[in-house]
Amino acid sequence: MVFADLPTLVDIVFWIIALFTVCGSVAIISVNNVFKSAVLLALTMVSVAILYFLLSADFIGVIQILVYVGAVSVLIAFAVMLVKDVPRSNSANNLINLSIIPSTIFLVIIAFAIGAENWITKTTINYEEPLNEIVVSNVSWIGELLIREYFISFQIAGLILLAALIGALALLRREG
Amino acid sequence: MSFQDFLIISPEIVISFTAISVFLLDLFINNKKFLVNVSIAGLLFSFILTLGLSNGWLIESPGVYAFFSSIKLDEFSLFFKVLIILSGVAVIGSSGEYISSNIESKGEFLGLLLLSITGMLLLVSSVELITVWVSLELTAIPLVALVALGKNDTSLEASLKFLILSAVSSVVILYGLVFLYGYSGSTYFNDIFSYISSTTSSPEDLIVLNYGLLIGIILLVLGISFKLAAFPFQMWVPDVYQGAPTPITAYLSVVSKAAGFAVLLRIIYSVLGGNDFSVILSNLFSIIAVFSMTIGNVMALRQNDIKRLLAYSTIAHAGYLLIGVASLNISGIGENLYSGPQGVLYYLAGYAFTNLTAFLLIIGVSKSIGTFELSGFAGLRKKSPLTSFVLAVSVISLLGIPPTVGFMSKIFIFSAAVNTNLTWLAIVGVINSVISAYYYLRILKIVFVDPENNQSEIKVSKSISLITLIGMIGILLLGLFPSLILEIAEIAVMSIVNI
Amino acid sequence: MNLETVLILSGIIFTIGLYGSLTKKNSIVVVMCLELMFNAVAIAVIGFSRFRPPQVLVDSDVLSPLNVLSGHMMAVFVIAIGAAEVALALALIISIYKIKGNIELTGLNNLKN
């Protein structure tokens with residue numbers, strides 16, 4: 001990372017981006033127009049990608065932008081426009097008051113577990129020379145892992161994409 | 001990656017290639033019956049390969065790893081592979097007629113079902129977090145489309161509900177897996193196991209200090225309860241079972257549940273095994289079991305639709321099975337005669353026979369009477385004595401009356417609970433069995449006592465008759481000679497325990 | 001920026017997604033909330049692989065790419081499969097819209113009889 005020797009700057013950027021991400025997520029479920037939610041989703045995904053860059057996961061940040069901002073958000077925006085006849089209101093169902101309780105309990109439990117666990121964070125781990133390379137430019141290593149250690153998961157992911165494709169086609173042909 | 005690696009997953013490779021060839025053949029062949037035959041041939045071929053793997057024809061002996069320790073072929077995975085493949089043969093074999101009359105996209109239906117079976121087979125043998133989650137998704141995504149392919153109006157709505165809840169559950173499972181990874185720094189079960197063992201010296205240590213691990217396990221169990229059709233992710237079950245095509249309902253109720261229990265048992269015994277983690281886990285499973293049993297049985301009392309009724313009964317059975325999971329006694333495995341997981345495996349095998357028989361008969365009968373309402377089954381005894389006898393045997397087995405397999409499996413599960421000082425849980429289970437008698441006996445009363453209210457002739461197709469007869473023989477045989485499965489189940493359980 | 005803050009951030013986003021998917025009527029918004037949850041998990045896994053180096057070393061005591069990057073691999077699969085899930089969900093929503101002219105999720109018990 002360029003900023004590796006200026007931790008305070010990274011911290012400031014991190015806090016701004018984290019605030020932006022949380023505000024974006026809240027806005028997605030609280031604005032009253034679905035199309036605006038779709039745009040906000042794209043913006044939130046960009047800020048998550050910046051988070052990945054800050055966490056030295058450059059490749060993940062790039063594919064986050066390519067997949068989520070470039071494909072998923074556009075797909076969702078298309079879907080919103082295709083169903084244009086229905087009201088675009090973003091109203092809530094009758095569970096709105098009931099759901100606050102489990103959600104809050106969930107957040108409290110997660111936060112408690114994270115806070116109470118004694119994570120041994122060796123931020124300054126002494127990466128040896130070749131490993132420094134791994135962390136900084138991880139693309140080639142990810143490619144290699146994908147066809148070696150995680151070969152089987154990679155193939156299964158291919159089958160999942162096939163199933164999603166065929167399933168979507170069969171669904172859209174259904175009423176024809 | 002050597003040739004042996006591919007040999008080890010050859011059943012999965014065969015089934016996924018069958019699925020792809022079904023997709024392709026669908027474009028060129030008009031006789032859709034042929035596609036059913038191709039699917040069954042593929043499944044049977046992979047069954048032979050599975051037998052070959054277990055008997056040492058293809059590899060030296062079970063217990064080997066493949067693909068950099070992502071996949072483990074052991075007796076446990078072989079047990080579930082045989083169970084899943086045979087259930088798949090039963091579902092596809094008996095639904096040829098249903099598919100030709102009720103499904104528009106026949107090739108896609110069969111191919112997606114085969115892809116989902118591939119996912120189940122990979123799921124039961126994977127020993128690495130990413131592989132587990134990816135195979136879990138491979139089981140779920142085809143099922144979403146399959147539920148939607150039914151012709152009735154509720155299919156699409158049921159499918160949307162299934163998609164959303166399945167995505168929520170899989171993301172909760174994923175969160176749990178991420179905490180397991182974050183806690184140990186590795187995605188391999190064996191490495192996580194050795195890290196957990198190295199950091200925890202005493203049981204108190206594990207409970208007090210390792211909240212990161214604990215939250216991971218809890219999230220994992222909550223998410224997997226979707227696959228098991230257990231509390232707290234049970235609300236999709238009745239709607240989806242009712243809206244889905246009936247063969248898919250049968251598949252969901254047997255295969256999906258079996259695979260969920262397989263991955264749950266493997267994580268408990270391979271990742272956490274050896275450590276005395278049992279107190280918290282056992283309490284968690286007991287709570288889930290009590291809620292699942294009670295919700296399932298109480299809600300089933302009021303149902304008039306046979307698919308909804310069996311859906312609630314599935315929830316209740318998930319609860320009984322979770323009693324077996326809650327009876328954790330890791331150090332005692334091999335010493336006790338009836339350990340919890342052994343009972344779970346036996347229960348799942350018996351439940352596969354019982355529930356498949358019931359659901360496949362319902363496919364056959366409801367086609368003739370044209371309804372899934374319970375009242376439509378009135379007077380079935382006069383119209384078709386053999387059908388009603390087979391249905392009676394499967395319902396008796398679901399209720400748990402000797403000499404059926406349902407009775408023996410409940411005996412093993414409850415005695416495992418008593419052996420591990422969970423007598424109260426066994427008592428709750430028995431009380432629930434008594435409650436369930438009301439609605440099961442109501443089915444029998446309608447079939448045998450009530451006068452018939454319509455004149456439709458019952459014609460059950462040959463394939464359904466054959467498969468349900470085999471199922472009935474299985475129910476009685478396993479009930480009379482439980483050692484047929486129990487011995488295999490014991491070897492299977494021993495193969496996943498990490499000490 | 002440390003592990004706890006990243007994890008808490010991921011927990012907050014996950015909870016917002018969970019709350020939204022429980023309460024929203026419009027099924028497209030529910031799908032967006034599912035994507036938020038997938039992203040929350042990906043943030044957590046990247047945070048773990050950045051701040052919490054492997055506690056168990058796969059190849060004895062040498063840090064290998066596998067040790068450092070398995071969290072990144074997990075994120076790759078999460079992103080890929082999350083996208084596949086969205087594609088299927090939107091196909092389903094569009095076909096429901098074609099038949100019913102409505103994409104609202106109404107409670108969980110509307111199929112009852």
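Modeller: Terms first: helices (H or I, at least four residues) and strands (E, at least two) are DSSP runs, numbered from the N terminus. This is a predicted model: local features need pLDDT of at least 70, side-chain atom pairs count only at pLDDT 80 or more, and totals for chains, interfaces and linings use all residues. Residues are numbered from 1 along each chain as its sequence is written, and chains are lettered from A and ligands numbered from 1 in the order in which they are written.

Colleague: Which pattern does chain C follow along the sequence?

Modeller: α-α-α. Chain C has three helices and zero strands.

Colleague: How many of its residues are buried, as a percentage?

Modeller: 73% of the 113 residues of chain C. Buried means 20 or more other C-beta atoms within 10 Å of a residue's own; exposed is 12 or fewer, partly exposed is in between, and C-beta atoms are placed from the backbone.

Colleague: How many residues of chain C are in contact with chain A?

Modeller: 68 residues of chain C, against 75 of chain A. Contact means C-beta atoms, placed from the backbone, within 7 Å. H3(C) gives the most to that side of chain C, with 26 residues.

Colleague: What classes of residue are on that side?

Modeller: On the side of chain C that touches chain A, 47 are nonpolar, 14 polar and seven charged. Ala, Val, Leu, Ile, Met, Phe, Trp, Tyr, Cys and Pro count as nonpolar, Asp, Glu, Lys and Arg as charged, and the others, Gly among them, as polar.

Colleague: Switching to chain B. At what angle do H13(B) and H16(B) pack?

Modeller: About 170 degrees, with their axes 8 Å apart. Axes are lines fitted to C-alpha atoms, for helices over the stretch in contact, and angles run from 0 to 180 degrees between N-to-C directions. The two helices are therefore roughly antiparallel. That label covers angles over 145; under 35 is roughly parallel, 65 to 115 roughly perpendicular, and the rest oblique.

Colleague: What residue classes make that contact?

Modeller: 17 nonpolar, four polar and no charged. Among them are B:Phe261 of H13(B) and B:Phe359 of H16(B).

Colleague: And H18(B), mostly covered or uncovered?

Modeller: Mostly covered: eleven of its 15 residues are buried. B:Val390 and B:Leu391 are among them. The buried residues of H18(B) pack against several helices of chain B, including H15, H20 and H21.

Colleague: What comes just after H18(B)?

Modeller: B:Gly400, with a positive phi of about 95 degrees.

Methods:
Two residues are in contact if their C-beta atoms, placed from the backbone, lie within 7 Å.
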